[in-house]
Amino acid sequence: MNRRMFLGYGAAAAAIAPTIATAQTPARVIDLTIEPTDVELIDGRIVFQWIFYGDQQTVPRPVVRAREGELLTIRVRNNAPEAHAFALPGVPGAEIPAIPPGGVGMATFAAPAGGTYLYLDPLHAPAHRLVGLHGVFVSEPAGNATPGGAATPFARTRLTPAVAAVFDACGPDAAARFHGDPWRPGREKIWLFTQIDPALCAQAELRQPLDGARVRQTFAPRYFTINGLSGFDASEDAATKPKGYVGQPLLLRTVNAGMATHAPHIHGNHVLELSGVDANGRQIIQDNVIERDTWLLRALDRKDLLLPFEPPQDIPAAAWPPREEPFPLRYAMHCHIEMSQTAGGGNYPQGITTHWELLGPTRPTQQG
Amino acid sequence: MADIDFTRTGVSGEATYDNFSCNVWSENPPTPDRVPADITFERQVYSSGRVTMPDGRRVEMWGFRDPLSSGADGDKPFPSPLIRVRQGQVVHTILRSGKATHTIHHHGLDPSTFNDGVGHLSFEVSADYTYQFSPHSPGTYFYHCHKNTVLHFEMGMYGPLIVDPPEGPGTLFSGGPRYDVEAIWAIDDVDPTWRTLNADAGLCGEDARLDRFRPHYFLISGVPAPRTLTDPRVVVRARAGQAVLLRLINASYSVLRMTFGLDATVFGVDGRGLGRPNSPWSRPIPIPAGRVLEMSPAQRIDVIVRPTRTGTFPVRMVFHDWVTDAIQNAGQGVAETRIIVS
Ligand SMILES: [Cu+2]
Ligand SMILES: [Cu+2]
């Protein structure tokens, strides 16, 4: 039997939106709830996980959005029968120590510099985050423009000349390397990668003690997800797959919440690696921007990249734009550590893959 | 105009759970938007190749052979034969699949969807198909089968692909560094227990254990370690004062950490020259002797070393497990070779 009987659980994560904070406004409260959950995987198997929910407990792993410097209170209710915690690695003060079963914990902190962050349960690391307790936090920069006036996803004070030059190269100038629209805030996709070991999930469900050091030795992932989805589901998910015309650059926020390393590989365009993190989870803005088709995404890595939406550069000039082959051109993104393309030991490519769509060779706005 | 029914492919056909994995489009269409080729390659699939490992075990390999060659590469070469082209040429690669379905993905090149070799977005090839592309950026690439890739790539279905600038070999990219000596190191790891599987293993839902990769052999350009220390297919010989280009291709499923016994500089990544005119945001990266250079699976890195004195300089590649980060094969996952400068 190779068909799934039910829909997967990982619907597009709705966002918790930022508000404009001033010195007078109190902290904005963001509520998250930890719930034990049965999760259906791509091949129909059900596993136990713990999940952070937002929005009246209906949205799994909500993307939390804030504006840089905004005062936030994260309030976590623990509806699971064991202790849990909260952390936002690389962000001072954004930690809630163990919350007892049925309890509520809080942390108040200022939203960090513009960029992509990962929230998680740090208990028995990496055990609790591998059983599902993680999500993405996006900070929108207060001042974000390059000296040339282009918008970026990063704080102006942290911008490097190299990253500024990339965003300055996107625009209507005929000589621009990425001729077309400038990058616009919000034109982005989040790609949250993780791995699932059903044996570890079963241990959690049976409330067996989880020892982080032992999990590091024994973790044997059999399912691989992007935004909670795998393979066919991830490829059909509008919130996951980038779409656009030539000249509409898009930001990819790539995050690895798991323990295994990934090697995301994109077809059709190379991407520009803009940011990363150091060993303590602190943001690094690159001062040497490398164009890649494959990037290294270690455990807890967070890398922002620009997908330029340029014409696929290796189509013969005499065949561009194609006359016979129809748009959209569609290109895979998948992890090249190919074991991550399986589900339950087979089912290639029902793992960490999606695709992106190039809708046409010119933007509709140009067609008047 | 080519007569192509795109609805019989992933381009215009309806995507379903079934045709994503178990029952992928299988076709042999003409090439859309075909233009005359400047250079044409043929690649014919073989199975039941063998590499003899240092412990005497003969491990099965699959790959591509060149039916146009006079046998210089042998009947079942591993890795598959080099595709070497010039920037701006129109290239046709004719795949001849043989008994089963396969594809060719020219990894790192950005062609149209139909020419990209991904079955669920286009089609797998049951007989033959002519892939078309025209490389615009000189550097190091590779090509590989993209069907049941987890298995077919591990079985050896890949070969190097090099794009030279218009000036030809000897220059990495126009305006970039020149080199006198060149080595292509395709770095791989082999799990002998996967050799009993058939080409479609796992595709229709059975547990083929393709999530558990336990490599036992570590190879550079088809030569298993420790023969990599002496085999002339791997060992580099140069004279003091020469520039040596090392084209590194991580064709393994391990995170590679490598060190060089002499100072090195990265001049290219994934077929893109660093510091070239249209990439002012990048610059070459110095790698002092002994510093670790990390390389993810499927990345390519172009490194140049310029030995100034005679001697033997070690190059060490350490293979790390993607989940635990431990050195593969209980600490034995290492391949070493040498640069001998006279
Ligand atoms: Cu194949
Ligand atoms: Cu590839």
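Q: How big is the area buried between domain 1 of chain B and domain 2 of chain B?
A: Buried area is the accessible area (1.4 Å probe) that two parts lose on being put together, summed over both. Here that comes to about 3,100 Å², with carbon and sulfur atoms giving 57%. Mind that this is a predicted model: local features need pLDDT of at least 70, side-chain atom pairs count only at pLDDT 80 or more, and totals for chains, interfaces and linings use all residues. Residues are numbered from 1 along each chain as its sequence is written, chains are lettered from A and ligands numbered from 1 in the order written, and side-chain values use heavy atoms, leaving out hydrogens and water.

Q: Where do the two domains of chain B run?
A: Bounds like these come from an automatic or database domain assignment. For chain B, it gives 39–164 as domain 1 and 181–341 as domain 2. Their C-alpha centres sit 19 Å apart, and the contact (heavy atoms within 4.5 Å) takes 37 residues from domain 1 and 37 residues from domain 2.

Q: How many salt bridges cross the interface of domain 1 and domain 2 of chain B?
A: The rule wants a side-chain nitrogen of Lys or Arg within 4 Å of a carboxyl oxygen of Asp or Glu. It finds five across this interface. One salt bridge to look up joins the side chains of R84(B) and E182(B), at 2.9 Å, N to O.

Q: Which element gives the largest share of the domain 1 side that touches domain 2 in chain B?
A: Helices (H or I, at least four residues) and strands (E, at least two) are DSSP runs, numbered from the N terminus. On this side, α2(B) leads with six residues.
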